[in-house]
Amino acid sequence: MGRRREPGHPAGMDTQPTTVAASRIHGFLEREPVVWLSTVRPDGGPHLVPIWFWWDGEALLVFSKPGAQKVRNLRAHPSVMLALGDAEDDFDVGLVRGRAELLDAPTSEVLPTAALDKYADRLASIGLGAEEYAATYSQVIRIVPQDFLSWHGRTAPRSVRLAGAATASIDEPRHDGLGPDGEPVTRRPRPSVRPIVEPTRPGQSLRDWLGEPLARGLRGLAGGFGSPMPVGVA
């Protein structure tokens, strides 16, 4: 089985992302096994399912049963939302807004060998061979991203660091650099420590403390202690 390029498909997002959100989500698309696909039912209600997918760098390929609810939804409403990532790591998740197209070519003509390799262990665990898989999930859905939306909690999870954003908090200013593992990191400069200086109180003179008249009398008394006693005084 080989992938056949369908003519006339709209171009996807840039293959070289230039924003943190796009860099994060490109990473998710390249390594995550499952994406959550949100579609709209013909009556306007929401529909959400986890699915396998293949990312070719421009669009996602999804292989579905022809009569699945998501296929019926897409015939009426081609707009979709996708979510993928690790919610356990402080909501390390990426969101993709896109537009879906139902291809006329069956899965057997479109399914890349690399997609089979991606899910080889999972297919083997359920006893599903390549030909049976292609025959069962024969409807090809091609989803072209239109917008990448970043999402995570208060900390900066691994995908954010790999994309070059701040490491400790979404509120941190950015200072580019590389950590020991080669990942882009951000370090907030430590504030300089100022020495604590105790306030000094100027010394008080005897005159300031006692007042000028009393101080003068005490100085005279102190001076008299060092004088010789007058003759005839016992």
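1. **Strand pairing at L37.** L37 stands opposite L82 in strand 5. Strand 1 (residues 35–40) and strand 5 (residues 79–86) run antiparallel, joined by three bridges. Pairing here requires that DSSP finds at least two bridges between two strands. Strands themselves are DSSP runs of E, at least two residues long; helices are runs of H or I, at least four residues long; both are numbered from the N terminus.

2. **Basis of the model.** This is a predicted model: local features need pLDDT of at least 70, side-chain atom pairs count only at pLDDT 80 or more, and totals for chains, interfaces and linings use all residues. Residues are numbered from 1 along each chain as its sequence is written, and side-chain values use heavy atoms, with hydrogens and water left out.

3. **Strands 5 and 6.** Strand 5 also pairs with strand 6 (residues 92–102). The sense is antiparallel, over eight bridges. In this pairing, S79 stands opposite R99 in strand 6.

4. **R97.** Strand 6 also holds R97. Is R97 buried or partly exposed? R97 counts as partly exposed because its relative accessibility is 38%. The classes are buried under 20% relative accessible area, exposed over 50%, and partly exposed in between (1.4 Å probe, protein chains only). Leaving aside residues up to four places away in sequence, R97 touches V80, M81, P145, Q146 and D147. A contact means heavy atoms within 4.5 Å. R97 and S38 lie 59 residues apart in sequence, yet 9.7 Å apart in space, C-alpha to C-alpha.

5. **Salt bridge.** How many salt bridges does the structure hold? The count is one. The side chains of R142 and E58 form it, at 2.8 Å, N to O. The pair links distant parts of the chain, 84 residues apart. R142 sits in strand 7 (residues 139–151), and E58 in the loop between strand 3 (54–55) and strand 4 (60–64). Both R142 and E58 are buried. The criterion is a side-chain nitrogen of Lys or Arg within 4 Å of a carboxyl oxygen of Asp or Glu. Side chains of opposite charge can pair when their charged atoms come close.

6. **Whole chain.** The protein chain has nine helices and seven strands. Of its 234 residues, 35% count as buried. Take contacts between residues at least 6 apart in sequence: 63% of them join residues at least 24 apart.
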